[in-house]
Amino acid sequence: MQIILLSLLLFFSFSLAKSEESLEGFTLSREISLQEKVTPSRYLSSPSLRASEYLRNKPDLTSAEKAQITQALNQILDRVSKEKFCKGGSYSIDPLYEFNEGRQKLIGHQLFLNLSCTLKNEEIARFNALINDIDKMASGSGFLLFSVPSLSATLSSEDIAMAKEAAYEKILALALDKAKEYSQIALKKCSLIGVEFDSTPSMTPRVMSARLKSGDSMESSAIEPGVPLVQEEDLPISAQVTYRCK
């Protein structure tokens, strides 16, 4: 009789434990990862003006010639100020010396003017018009030499932030879909109870090298810097997700 009672007690304890496990359910954790495409949205350029060969070999400048140089530079800077994507423009006109056997000889003058431009894709046509106007003004003065600038695509922190936000939304949607899938497999109600995204930076802002588009021509007299062939880059994003099934 004691053996029968002991057996019934063990069976009751086992059944109660199974019933509690069924009520409590279980948790499930897994990683979800994907790669989001990132495309640079800005371009950088550094146009510059230098002294022409004529100015570099002209030791004596008259007041009229100095005024002519200043007028040309002011015209250029006035044209630049009409666009909002370029800044800078301070300049100096300095004597250029040649040293021979310890002796200093004035041989001409040097000039430096640098601009810094950051523009969007839709501003490239206006940028091309700007540098063509600068080139015409510089050439017309006879004293200035314009360096044709290149364009470099830049991957900004804003580009990366937008890509991350899009990736977070996609991962959350995938995690919710997985909850439905696990519910069907486990024959339980599985709910998403936690999402922890990987906080490790996987991409940093940087300037990307430029390549000329196929078909760009150098035969035209107008200056038109080649727009970089920008390729999308993959931004890896992952998250640890947790489900409760009961």
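The model is predicted, so local features need pLDDT of at least 70 and side-chain atom pairs count only at pLDDT 80 or more, while totals for chains, interfaces and linings use all residues. Residues are numbered from 1 along each chain as its sequence is written, and side-chain values use heavy atoms, with hydrogens and water left out.

Three strands make up an open, antiparallel sheet in the order β1-β10-β8; strands (E, at least two residues) and helices (H or I, at least four) are DSSP runs numbered from the N terminus, and two strands pair if DSSP finds at least two bridges between them. β1 (26-38) and β8 sit at the edges, each pairing on one side only. Neighbouring strands are turned by 30° against each other on average, direction ignored. Between β8 and β10 there are seven bridges in the antiparallel sense, and S191 stands opposite R244 in β10.

Helix α5 lies across β1, β8 and β10 and runs at about 145° to β1. Contact here means heavy atoms within 4.5 Å; axes are lines fitted to C-alpha atoms, for helices over the stretch in contact, and angles run from 0 to 180 degrees between N-to-C directions.

The structure holds four aromatic pairs (Phe, Tyr or Trp rings, the six-membered one for Trp, with centres within 6.5 Å; planes under 30 degrees apart are stacked, over 60 edge-to-face, the rest tilted). One of them, Y168 with F197, is tilted, at 4.3 Å centre to centre and 45° between the planes. Y168 lies in α5 (residues 157-186) and F197 in β8 (residues 190-197), so this pair ties together parts 29 residues apart in sequence.
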